[in-house]
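Please look through the sequence and the structure shown below before reading on. The report is written for a reader who is new to protein structure.

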Amino acid sequence: MGHMTVRELALWQGGDMPFTLLDVRRAAARQGDGTHIAGDQWLDPALWLDWKDGVANDRPAVVYCAHGHEISQGLTAALRAMGIDARHLDGGIAAWKAAGRAVLPN
C-alpha cells in the first residue's frame, strides 16, 4: 500500500490516527501555490538525504507534492525502503484542493 486517496487522508485527519504529513513540493512550487494542508511539515525534496532519518518510524507517514507524481512517489518508495509505513497522496495537493478540502496559507 504505497498510496492514499484524498478521502482517506481526510478521514485520518478527522480521526485519532497518529500520522506524519509531509509536504515535499519543490520550494518554488510551494511558494507559488501559497497554500498547504493543515498539520503538515514542509521538507525540501532536494535535501531529502539530510532529513530522511528524522522522519518518525513509529507512525505512518503521508507524503504529498503538487500532483502526486515523481517527487512524492519517489520519496515514499525511499521511506518505505527504510522501514517507514509511508504512502503518497494520490493527485497531491491539486487533488486535495479540487475535492474542496481546506488549505491554509503558507
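What follows is a short report on a tryptophan and on several salt bridges in this predicted model.

Trp96 lies in helix α5, which covers residues 92-98. Its relative accessibility is 2%, and because buried means under 20%, Trp96 counts as buried.

Leaving aside residues up to four places away in sequence, Trp96 touches a set of residues that includes Val6, Leu9, Ala10, Ile37, Leu89 and Val103. A further pairing shows how sequence and space can be compared: Trp96 and Thr5 are 91 residues apart in sequence, while their C-alpha atoms are 8.9 Å apart in space.

Side chains of opposite charge can pair when their charged atoms come close. The structure holds eight salt bridges, and one of them joins Asp33 to Lys97, with 2.5 Å between the closest N and O atoms. This pair links distant parts of the chain, since Asp33 sits in helix α2 (residues 27-33) and Lys97 in helix α5, 64 residues apart.

Asp33 is partly exposed at 27% relative accessibility, and Lys97 is also partly exposed, at 32%. Both residues belong to a network of salt bridges that links Asp23, Arg25, Arg30, Asp33 and Lys97.

## Two further pairs

Arg87 and Asp85 meet through their side chains in a salt bridge of 2.5 Å, N to O. Arg87 is buried, with a relative accessible area of 7%, whereas Asp85 counts as partly exposed at 34% relative accessibility.

Lys52 and Asp53 form another salt bridge, in which the closest N and O atoms are 3.2 Å apart. Here Lys52 counts as buried at 19% relative accessibility, while Asp53, at 61%, counts as exposed.

Technical notes:
Residues are numbered from 1 along each chain as its sequence is written. This is a predicted model: local features need pLDDT of at least 70, side-chain atom pairs count only at pLDDT 80 or more; totals for chains, interfaces and linings use all residues. Side-chain values use heavy atoms; hydrogens and water are left out. Helices (H or I, at least four residues) and strands (E, at least two) are DSSP runs, numbered from the N terminus. Buried means under 20% relative accessible area, exposed over 50%, partly exposed in between (1.4 Å probe, protein chains only). Contact means heavy atoms within 4.5 Å. A salt bridge is a side-chain nitrogen of Lys or Arg within 4 Å of a carboxyl oxygen of Asp or Glu.
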